[in-house]
Amino acid sequence: MKKNTKSALLSFAVASLLSASSVYADDAAQTFKWPKSQKAAVSLAYDDALSSQLDHAIPALNKYGLKGTFYLQLSSPVVDQRLPEWRAAAKKGHELANHTLFHQCSKSQPGRDWVELHRNLDTLTVAEMKDQVIMANTMLHAIDGKRERTFTAPCIDKNAGGQNYIDAVKSEFVAIKLESGGVTPDMHKLDPYAVPVAFPAGVTGQQLIDIVKEAAAKGTMANFTFHGVGGDHLSVSVEAHEELLKYLAANKNIYWVDTFVNEMRHVKAHQKK
């Protein structure tokens, strides 16, 4: 995702998403089995390969012993110029995930004046996007040596040249974040290739905590994808981000925080049962 895009998404659906209950759940909600009898999973993800993620987000995650998922736009100068730091993050157990080579989005959508003509998803074919997405996986393998990946479609746009390209690439991934929404309603009905995700910006730590409390009340999953942390675009403050992490670290008996690929492996295995 980029700078001023997705204004509707980035409103964060505050009125609905932040209406979380402070009570964790009744027994009826706890039908999905999380590790160690925890009540909910929380995915902490970060888009676009931004410097503030290396400067602020990763040190904070390491401080609290939590794992994050970083969706890298492989053409970003921050990947090239700070490659050893991304490799170090992977060695610490953080996930490096696919956010395409060039972050193509649909220019025809509202508020997309920033999309460059040569990166307009509307003018690409499904075959072209598939080639690029697979190449991004190859580049990620060269960085961290891993093969299993997850994917977030830039701007959560599904169509290349008016045709769905997600169906052409989903076999390459364990799971894909593809819809708007922070808390999964029902884990058994969740499509692993259309996982809902919230893109918080300009929110407080308590607002973020309220969302994970809602996931615990439902016995499901909270998916965050941040952009800037204390800088860059679509930012949350360092303080708000750390308040959430501190809360999650203090409540590990309630929340399972892991990489998205690990969480979705678990989800898919238990959906089959």
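This report describes helix packing, aromatic pairs and selected loop residues in a predicted model.

**Basis and overall composition**

In this predicted model, local features require pLDDT of at least 70 and side-chain atom pairs count only at pLDDT 80 or more, whereas totals for chains, interfaces and linings use all residues. Residues are numbered from 1 along each chain as its sequence is written, and side-chain values use heavy atoms, with hydrogens and water left out.

The protein contains 9 helices and 10 strands; these are DSSP runs numbered from the N terminus, helices being H or I of at least four residues and strands E of at least two. Of the 273 residues in the protein, 54% are buried. Buried denotes under 20% relative accessible area, exposed over 50%, and partly exposed in between, for a 1.4 Å probe and protein chains only. Among contacts between residues at least 6 apart in sequence, 76% join residues at least 24 apart, where contact means heavy atoms within 4.5 Å.

**Packing around helix 2**

Helix 2 (residues 51-64) packs with helix 8 (residues 238-250): their axes come within 10 Å and cross at roughly 20 degrees. Axes are lines fitted to C-alpha atoms, for helices over the stretch in contact, and angles run from 0 to 180 degrees between N-to-C directions. Helix 2 and helix 8 are therefore roughly parallel to each other; angles under 35 degrees count as roughly parallel, over 145 as roughly antiparallel, 65 to 115 as roughly perpendicular and the rest as oblique. The crossing of these two helices is right-handed. A crossing is right-handed if the near helix is turned clockwise from the far one by less than a right angle, and left-handed if anticlockwise.

On the helix 2 side of this contact stand His56, Ala57, Ala60, Leu61, Lys63 and Tyr64, which meet Val238, His241, Glu242, Leu245, Lys246 and Ala249 of helix 8. By class, the contact of helix 2 with helix 8 comprises 7 nonpolar, 2 polar and 3 charged residues. In this scheme Ala, Val, Leu, Ile, Met, Phe, Trp, Tyr, Cys and Pro count as nonpolar, Asp, Glu, Lys and Arg as charged, and the others, Gly among them, as polar.

Helix 2 also packs with helix 4 (residues 83-91), with axes that come within 11 Å and cross at roughly 20 degrees. That angle makes helix 2 roughly parallel to helix 4, and the crossing here is left-handed. Gln53, Leu54 and Ile58 of helix 2 meet Glu85, Trp86 and Ala89 of helix 4. The contact of helix 2 with helix 4 has 4 nonpolar, 1 polar and 1 charged residues.

**Aromatic pairs**

The whole structure holds 8 aromatic pairs. Rings of Phe, Tyr and Trp (its six-membered ring) pair if their centres lie within 6.5 Å; planes under 30 degrees apart count as stacked, over 60 as edge-to-face and the rest as tilted.

Tyr46 and Phe70 form a stacked pair, 4.7 Å centre to centre with 10 degrees between the planes. The pair links distant parts of the chain, with Tyr46 in strand 1 (residues 40-47) and Phe70 in strand 2 (residues 69-72), 24 residues apart. Tyr46 and Phe70 are buried.

Tyr46 also forms a stacked pair with Phe226, at 5.4 Å centre to centre and 25 degrees between the planes. Phe226 lies in strand 9 (residues 221-226) and Tyr46 in strand 1, so the pair ties together parts that are 180 residues apart in sequence. Both Tyr46 and Phe226 are buried. One aromatic cluster is formed by Tyr46, Phe70, Trp86, Phe224 and Phe226.

**Loop residues**

Ser37 is found in the loop between helix 1 (14-17) and strand 1 and is exposed, with a relative accessible area of 66%. Ile156, in the loop between strand 4 (150-152) and strand 5 (159-160), is buried at a relative accessible area of 10%.

Lys252 lies in the loop between helix 8 and strand 10 (255-257) and is partly exposed, with a relative accessible area of 40%. Leaving aside neighbours within four places in sequence, Lys252 is in contact with Gln38, Tyr64, Gly65 and Leu66. Lys252 and Lys36 are 216 residues apart in sequence and 9.6 Å apart in space, C-alpha to C-alpha.
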